[in-house]
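Here is a short briefing to read alongside the structure. Take a moment to look it over, and then we can walk through it together.

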Amino acid sequence: MNTETIIRLLRNSGINVIGADASSVYIEDPSCILRAFETFIEYAWIIITAITGVLLFGWAVSMIRGAKNDIFTNLRNLIIMFATLSCVIPIVNLIWGDDLFEVGCATVAVPLSDLNTLLDARNKKLNNTDLNTYNSAEKVSINTSY
């Protein structure tokens, strides 16, 4: 099987392919949990920003309706919350000593001969050479007539 198909199969399986040459495919270590933490931090930041927007809207409505709130206390609390969230990644990098999300995952070189052996075994077992080779740019037609 050619290298492009192998890379497409690996990417469709959720493996981060870094590159390939004539003899090996270079992937990020699949057991590395740092990418999950990075994704969690990105989603958490979006969710907390949305919650803060709702809180600001509620605060503005209460101020319009005449509530007696201390504006400086509310702004202080917002600044403390966003400053803490903004400092999470730099603090983790300071503790780690380097950019944790940049250098944390190892690169694994997998020989193409081993990958071809595994794919051949799969094809013999399943009798389908086009299994999981869907390319997102291709249009798929589904036959619904039975």
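How many helices and strands are there in the protein chain? The protein chain has 6 helices and 3 strands, and along the sequence they follow the pattern α-β-β-α-α-α-α-β-α. Please keep in mind that this is a predicted model.

**Confidence**
- The pLDDT of the protein chain averages 76, and 82% of the residues score at least 70.
- Residues 139–146 have a pLDDT below 50, and this stretch makes 1 contact in the model beyond near neighbours in sequence.
- Where pLDDT is low, the predicted coordinates should not be read in detail.

**Inside the chain**
- The largest nonpolar core has 11 residues: I6, I7, L9, L10, V17, V25, I27, V110, L112, L115 and L119.
- At least two residues of this core come from each of α1 (3–12), β2 (24–28) and α6 (112–126).
- Helix α1 gives the most to this core, with 4 residues.
- Of the 146 residues in the protein chain, 17% count as buried.
- Among contacts with a separation of 6 or more in the protein chain, 64% are between residues 24 or more positions apart.

**On the surface**
- The protein chain exposes about 11000 Å², with carbon and sulfur atoms supplying 63% of it.
- Y43, W45, I46, I47, I51 and L55 make a nonpolar surface patch of about 650 Å².
- One of these patch residues, I47, sits in helix α2 (residues 34–64).
- I47 counts as exposed because its relative accessibility is 51%, and the cut-off for exposed is over 50%.

Definitions and conventions:
Residues are numbered from 1 along each chain as its sequence is written. This is a predicted model: local features need pLDDT of at least 70, side-chain atom pairs count only at pLDDT 80 or more; totals for chains, interfaces and linings use all residues. Side-chain values use heavy atoms; hydrogens and water are left out. Patches are made of residues with over 30% relative accessible area and no salt bridge: like charges are joined within 9 Å, nonpolar side chains (Val, Leu, Ile, Met, Phe, Trp, Tyr) within 5 Å. Accessible areas come from the Shrake-Rupley method with a 1.4 Å probe; for residues, only the protein chains shown count as cover. A salt bridge is a side-chain nitrogen of Lys or Arg within 4 Å of a carboxyl oxygen of Asp or Glu. Buried means under 20% relative accessible area, exposed over 50%, partly exposed in between (1.4 Å probe, protein chains only). pLDDT is the predictor's confidence in each residue, from 0 to 100. Contact means heavy atoms within 4.5 Å. A nonpolar core is a set of buried Ala, Val, Leu, Ile, Met, Phe, Trp, Tyr and Cys residues joined through side-chain atoms within 4.5 Å.
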